[in-house]
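Work through these exercises with the model open. Try each task before reading its solution.

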Amino acid sequence: MLKKPHYIILVLVVLLVIVLLKLPSETMGKVKLAISGLFLPLFGLTGSVHQLTNRATESVTTKEQLARQNEYLRRENEELKIQLQQDAAMTNENARLRGLVGWPRQTRWQVKLGRVIARDPANWWRSVEIDLGTRDGVKSNYPVLTSEGLVGRIQSAGQTRSQVILLGSPDLRVAALVLPGGETGVINAGASSPQENNMVDLDYLSGGSQVRPGYNVVTWGAGGVFPAGIVIGKVVDVHVKEYGLAVEARVKLAADLSALQEVWVMTP
């Protein structure tokens, strides 16, 4: 049963409907326009909220997209670091060679990104396989590095993969330059082991060598395999051998051979 207030409301609604029906058409149109005007702000607010929601949805970047962007920027940053190393070495070398008749200027090498796809479990600090081959323009003896420093060189290249001999292998030797001072020597693995896979020897320093711990070691460029100026590492200790006739240094590699996942192959 309806209560008295409900009856009153119902009667008022019925009367209002009767009055509206009795209104002339012109007046009825004005009433409808006035009523619709009351709801326009509500509709406008709803539309604005909808537009803001759409814009927010479009501006949100997925985690996968962010991950791809970060990976792209990381690789681009590594490539730029390698190019900066080359630029510094080329500037110094070209300035020296300009004073020598008949010596060509150094030119920039390009780099290609490769992924490590296999390692020898027994000698993992001596060689790795990467997913670049002759179809990618890779050939034997091309230098291999990371953005931190030299890793090794291409030992053999197949069509789709290549074997990289690392600085931890006794079969790889690199002509090196010590900075400051400009003394030269040869990098070789010496007695490197899994426990010291990031340590190499710098041999053939003279008995009067002024090399000291903390000095930087880079590629010298002699031999034609490695361009000059690629970072190798830093001297950690120096000792005299052969009754004072020669000096040998131990060098900590800048690149971590135990954590190689991606490398850069330098191509002329």
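**Exercise 1.** Decide whether Ser-162 is buried or exposed.

*Solution.* Start with the area. Ser-162 has a relative accessible area of 1%. Buried means under 20%, exposed over 50%, and partly exposed in between, with a 1.4 Å probe and protein chains only. Therefore Ser-162 counts as buried.

Ser-162 belongs to strand E5, residues 162-166. Strands are DSSP runs of E, at least two residues, numbered from the N terminus.

Now list its surroundings. Leaving aside neighbours within four places in sequence, Ser-162 is in contact with residues including Val-128, Ile-130, Val-138 and Ile-154. Contact means heavy atoms within 4.5 Å. Leu-132 is also in contact with Ser-162. The Ser-162 side chain reaches the backbone oxygen of Leu-132 at 2.6 Å.

The model is predicted: local features need pLDDT of at least 70, side-chain atom pairs count only at pLDDT 80 or more, and totals for chains, interfaces and linings use all residues. Residues are numbered from 1 along each chain as its sequence is written, and side-chain values use heavy atoms, without hydrogens and water.

**Exercise 2.** Find which strands pair with E10.

*Solution.* Two strands pair if DSSP finds at least two bridges between them. Take E9 (residues 216-219) and E10 (residues 231-241): 3 bridges join them, and they run antiparallel. Then take E11 (residues 246-253): 8 bridges join E10 to E11, also antiparallel.

Finish with Lys-234 in E10. Asn-216 stands opposite Lys-234. Lys-252 in E11 stands opposite Lys-234 too.

How values were computed:
Helices (H or I, at least four residues) and strands (E, at least two) are DSSP runs, numbered from the N terminus. A polar contact is a pair of N or O atoms within 3.5 Å; within protein, one must be able to donate a hydrogen and the other to accept it, and residues adjacent in sequence count only if both atoms are side-chain atoms.
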